[in-house]
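Here is a colleague's note to read beside the model. Keep the sequence and the 3D view open as you go.

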Amino acid sequence: MKRIVVASLFFMALLGIWSIASGSGRWSPVLFPSPWSVAKYLQGALLDGTLVEAIFVTMKRLLVGYAIGLLIGLPLGLLTSSSQMLEDTIGALALGLQTLPSVCWVPLALLWFGQTEGAMLFVVVMGTVWSVIIATDHGACTIPPIYARAARTMGSQGLHLWTRVMLPASLPFLVSGMKQGWAFAWRSLMAAEIYVTILTGFGLGQLLHYGRELQAMDQVIGAMAMIVLIGSLADRILFSPWERFLHRRWGTNAE
Amino acid sequence: MNMAEAQWQGVTPEHVSGASSKLIVESVSKWFRTPRATVHALDSISIQVAAGEVVCLVGPSGCGKSTLLDIIAGLTKPDSGRVLADGQLVTGPGRQRLVVFQEPSLFPWLDVFGNVMFGLKLCPELTNDERREVAHRFLGLVGLDKFERVHVHELSGGMKQRVALARALAADPQVLLMDEPFGALDAMTREHLYDDVQRIWRDSGKTIVFVTHNMREAVCLGDRVLLMSRAPGKIIQAFDIPLPRPRSIYDVELVGHAARVADALRGTVGGGVPE
């Protein structure tokens, strides 16, 4: 309870400083709008449907790209962890490409796919898949072999061994791989939406981009606020329950 | 079936016919090959364990005693020789021979009760109600019936090994293999567990093979103590421990037996192998 009070006081103070600074008249309100004009923009965008539409489009792209990234990344991560040859080849490739910021995929995606949803998806998948491989691989390498040994003496083998022992044993690493992937997918999509301007859907990144084109600072800040809000909400809703479960069971911090 | 096995099938060594031998290890050898060297770990080891007997394997560290236990469990294949359990050739791990490991081997994603149930769920002859009843009973036997819903990481080291013991016993194995199960525990907890193991052995009459490097532990628990040499591991001496049970590790006679084993071990570590 005390923590909630402290946190709300902090954010209220932040809003207070912002509104005093913007009201002081030292900076042009065009470049430095007050929190109230940003709120008014968000309210208007919410009522006329642009905001809901943008969130919907963004989430759809994110979920599709993220799902493809996981579908490729999780099995590949498990494979690289189980074979030295795959580790030296695919693992090394993943390690290299993971250092490439996802925005660097945009020029290539634009040339290959043009101004299409495909380009957008490509950037998200490329931004996600390598980090998922690395996180899963790293995790699976650290499963204590004693679990499989103990289970085998009790008569567990084959499918039973994989679903009842190896899968739950690797859960902490799968979750950290998925969380890593989510963070990367989200960043990649924002980069893609800002740079790939297409007409098939108008996402949050594009809202931000056109805010700049129109010099509408309230729109820019409003879109940024929404991106922060959705990013942290997704973290809460998607991963916190898992992490709490892991923390309770394993007694370790899953962070 | 490979050549060696076929050969074994043809002859019946006289000690196989002894129906009282629960477990027979016949001239088992094992080499470990690493890129840099080949280590001869076990050198034609033969052991017979009678039903209901407790046999302790002691030896210097690195003598291959844990490897031997792994081979008996079926987790590792011997390079030559074979292991028979109840007259059956051991070809892989199975719940007739359950292991209590030194490292904590409980599954952290299950609670205490779930861990004991894991082995029981692999016993198709039991109904679910029977499984639950058995799990309750064995957790009671190791004194942890109050901790059934506790998560593994919340247990102390001694409690974890008690749960591992209950998990192994619950599935009613023919042979219980214990690989330095109390090595990582403090002295006080260990002494408690010696009492528990002796009580459980008295009540269940299980055949137990117990690996340790602690002489007093070996003498306290074993009907027989087998001393292994440093690698390549061989059984170099056997000690009968004809003391009444339950034994206390502070018993003067027991300490005397432990000293005998320790003296013999010192001979092997010093290099001279007393034959």
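The numbered points below go through the model one topic at a time.

1. **Ground rules.** This is a predicted model: local features need pLDDT of at least 70, side-chain atom pairs count only at pLDDT 80 or more, and totals for chains, interfaces and linings use all residues. Residues are numbered from 1 along each chain as its sequence is written, chains are lettered from A and ligands numbered from 1 in the order in which they are written, and side-chain values use heavy atoms, with hydrogens and water left out.

2. **A covered helix.** Start with helix α7 of chain A, residues 146-153. Helices here are DSSP runs of H or I with at least four residues, strands are runs of E with at least two, and both are numbered from the N terminus. Six of the eight residues of α7(A) are buried. Buried means under 20% relative accessible area, exposed means over 50%, and partly exposed lies in between (1.4 Å probe, protein chains only). The buried ones are Ile146(A), Tyr147(A), Ala148(A), Ala150(A), Ala151(A) and Thr153(A). Just after the helix, Gly155(A) has a positive phi of about 100°.

3. **What covers α7(A)?** The cover includes α8 (158-195) of chain A. Chain B contributes too, with β6 (97-100), α3 (112-120) and α5 (157-170).

4. **The interface.** In all, 24 residues of chain B contact 20 residues of chain A; contact means heavy atoms within 4.5 Å. The size of an interface is often given as the accessible area lost when the parts come together. Here the two chains bury about 2,100 Å², with 67% of it on carbon and sulfur atoms. That area is the accessible area (1.4 Å probe) lost on being put together, summed over both parts.

5. How many salt bridges does the rule find across the interface of chain B and chain A? It finds one. A salt bridge needs a side-chain nitrogen of Lys or Arg within 4 Å of a carboxyl oxygen of Asp or Glu. Arg149(A) forms a salt bridge with Asp70(B), and the closest N and O atoms are 3.1 Å apart. On the side of chain B that touches chain A, β6 and α3 of chain B are the elements that give two or more residues. The largest share, three residues, comes from β6(B).

6. **Aromatic rings.** The structure holds 16 aromatic pairs over all chains. Rings of Phe, Tyr and Trp (its six-membered ring) pair if their centres lie within 6.5 Å; planes under 30 degrees apart count as stacked, over 60 as edge-to-face and the rest as tilted. The rings of Trp112(A) and Phe113(A) have centres 6.4 Å apart and planes at 70°, so this pair is edge-to-face. Trp112(A) is exposed because its relative accessibility is 60%. Phe113(A), at 36%, counts as partly exposed. Elsewhere, one aromatic cluster is formed by Tyr147(A), Trp250(A), Phe107(B), Trp109(B) and Phe118(B).

7. **Ala94(A).** Is this residue of chain A buried or exposed? Ala94(A) counts as buried because its relative accessibility is 0%. Ala94(A) sits in helix α4 (residues 84-98) of chain A. Leaving out residues up to four places away in sequence, Ala94(A) touches Trp130(A), Ile133(A) and Ile134(A). Leu15(A) is 79 residues from Ala94(A) in sequence and 42 Å from Ala94(A) in space, C-alpha to C-alpha.
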